[in-house]
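Please read this briefing alongside the sequence and the structure shown below.

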Amino acid sequence: MSKGNIAIIGIGEVPTGTYPERKPWDIIYETCMEAVRDSGLHKNDIEGVVAVAPQAQPRLSAEISFGKLPEELGLKGCKDTVICNAGGASTSNCLRMAEHWIENGIARAVLIPHVTVHSTIPIPELVNFFAQAGVDLQWEYPFGSTYNIIMGLIANRYMHETGCTAEEMASVVTALRSWASRDPNSIFYKKDVPSVEKVLSSELLNSPLHKRESNVLGDGGCAMVVVSAEDAKKMKRPAAYKLGESVRYFSGSPVLRDFRKVGEGFKSTAKEAMAQAGIRKEDVSIWNIYLAYPLAHPIMAEALEVAPPGQAGKYFLQGRMSFGGDIPWSTIGDAVGRGHTGSGVSAATYVETARQLMGRAGERQVKNCRYVYQNTSGGSGFNVIATIWGREVK
Amino acid sequence: MNFDMTKPIPDMQPWSAGFWEGTREGKLLIQTCGDCGSKIFYPRKYCPECWSGNLGWMQASGNAKIFSFSTAYSMVEPKFMDELPYTVAYVDLDEGIRMMTRIVECDPADIKIGMEVEVTFFQRGDFYLPYFRPAKK
Ligand SMILES: [Zn+2]
């Protein structure tokens with residue numbers, strides 16, 4: 001377990017969108033070069049590359065897995081490279097690998113890139129990939145389940161238990177999109193923020209999930225440069241220090257996921273990560289939540305004790321988690337606000353965590369941002385990884 | 001666009017063959033551990049509680065309650081489009097097992113969490129999928 005060992009000192013990102021003409025390697029060049037320049041290091045200072053596995057892109061995954069990235073970018077000081085795949089939790093594992101390499105003297109500076117280009121994947125392949133990923137092919141898939149349906153099952157149960165209304169659920173989208181509309185890297189940048197009525201008037205895909213409560217697939221990419229906390233301090237540049245981490249595994253198949261255990265896991269990992277960082281809930285400046293679907297956000301808000309049991313929907317409806325509200329929450333708007341880039345939304349969330357702590361989030365900048373809670377989760381929610389980041393290490 | 005329109009059959013494993021064999025005879029079977037007494041779902045090669053290989057089967061009553069459900073109207077794989085609308089559910093068997101299934105033989109509008117349902121078997125290829133319908137009192 002880690003406390004104050006590493007820091008993100010450079011970030012690079014391209015806006016999420018639909019760019020079929022844009023090759024994945026084009027995005028890799030842009031984001032990696034921006035991140036390295038931003039870190040103040042030279043390209044040859046990068047001694048390790050730990051890449052986020054691009055989902056549904058087998059050829060690109062193979063190229064990156066087998067060492068093409070340092071060669072393509074001319075990273076002459078690179079000692080090793082590897083790819084991490086844990087779905088949406090991949091980036092967290094890239095950071096852990098970077099930490100391991102840095103702590104053990106394998107690399108002093110590590111580059112963590114992510115790229116996803118959905119728009120050139122044939123639609124039948126994409127549809128099939130997302131239908132089968134994270135569900136059991138014997139006990140779930142034959143019944144016609146999809147990610148949307150798995151989310152519907154969770155949301156219906158939550159609404160049944162808490163009395164959370166459809167309007168309250170829809171208001172999560174309004175809140176997330178209010179941040180996204182102010183994010184130049186979002187697919188919805190400068191677009192109208194849909195009202196609760198507009199969300200609920202969109203097509204009902206599967207109860208209780210409306211079209212505007214589901215995700216739009218996008219292309220995108222980002223990169224981070226990570227060094228030891230000690231080196232980051234010496235460099236005297238704005239940085240995001242990793243201060244605490246905790247994790248729970250739940251289950252590979254959604255049907256075996258105990259809803260209570262998941263809520264308990266969200267709660268305990270947050271507490272453990274905060275304890276490691278030496279902070280309290282009240283110290284958290286931003287709850288940077290990555291859950292991929294808006295309907296899961298109220299469950300998380302209650303588990304984190306940001307909202308009392310059964311009240312999270314009301315908090316969202318009151319605008320407390322929206323841009324300008326008193327609880328800064330998912331400041332890129334999660335996948336529904338950013339546009340879904342496979343495992344990339346969690347990578348983008350880390351970049352946002354760093355950006356906020358570096359004080360460079362523009363209109364979305366949360367004032368006096370000192371500590372950020374950020375979670376990731378992989379597959380259809382097989383785990384939760386909670387981390388705490390700070391702008392300095394004590 | 002060329003979508004694969006083949007309806008998926010369960011990706012059977014050697015140790016789950018007994019379950020699917022049971023469905024052909026109209027039986028809903030639960031795997032049991034002869035050593036620690038666990039009821040196991042889904043069926044495994046070794047008991048996930050104690051790693052015993054001494055595994056057998058018991059017949060479930062087929063009665064269950066709906067834990068949660070979601071009725072699909074759109075955005076499913078093309079191979080399932082012809083079945084829309086359909087309701088996917090988690091049901092809790094009286095024996096303490098939770099399964100994913102379909103709720104059939106009723107209007108989706110009448111489906112409720114906590115509703116009592118009973119097993120019925122739906123043929124797909126050589127398989128009989130355990131679906132559930134409202135319990136006949
Ligand atoms: Zn056993």
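About how many helical turns separate Glu161(A) and Arg157(A) in helix α6 of chain A? The two residues stand four apart in helix α6 (residues 147–162) of chain A, a separation of about one helical turn. The model is a predicted one, in which local features need pLDDT of at least 70, side-chain atom pairs count only at pLDDT 80 or more, and totals for chains, interfaces and linings use all residues. Residues are numbered from 1 along each chain as its sequence is written, chains are lettered from A and ligands numbered from 1 in the order in which they are written, and side-chain values use heavy atoms, with hydrogens and water left out.

**Salt bridges**

- Over all chains the structure holds 35 salt bridges, each being a side-chain nitrogen of Lys or Arg within 4 Å of a carboxyl oxygen of Asp or Glu.
- Glu161(A) and Arg157(A) form one of them, with their closest N and O atoms 2.8 Å apart.
- Arg157(A) is buried at 15% relative accessible area, whereas Glu161(A) is partly exposed at 44% (buried is under 20%, exposed over 50%, partly exposed in between, with a 1.4 Å probe and protein chains only).
- Lys267(A) pairs with Glu305(A), the closest N and O atoms being 3.6 Å apart.
- This pair links distant parts of the chain, 38 residues apart: Lys267(A) lies in helix α10 (residues 259–277) of chain A, and Glu305(A) in the loop between α11 (297–303) and α12 (312–317) of chain A. Helices are DSSP runs of H or I with at least four residues, and strands are runs of E with at least two, numbered from the N terminus.
- A network of salt bridges links Glu13(A), Asp183(A), Arg338(A), Glu352(A), Arg355(A) and Arg364(A).

**Zinc site**

- The SG atoms of Cys33(B), Cys36(B), Cys47(B) and Cys50(B) are the protein donors of the zinc ion, at 2.3 Å (donors are N, O and S atoms within 2.8 Å of the metal, or 3.2 Å for Na, K and Ca).
- Cys36(B) lies in the loop between β1 (29–33) and β2 (39–40) of chain B and Cys50(B) in the loop between β2 and β3 (55–59), so this pair ties together parts 14 residues apart in sequence.
- The donor residues follow the spacing C-x2-C-x10-C-x2-C.

**Domains of chain B**

- Chain B is divided into domain 1 (13–59) and domain 2 (61–137), with bounds from an automatic or database domain assignment.
- The centres of the two domains, taken over C-alpha atoms, are separated by 22 Å.
- Between domain 1 and domain 2 of chain B the count of salt bridges is zero.
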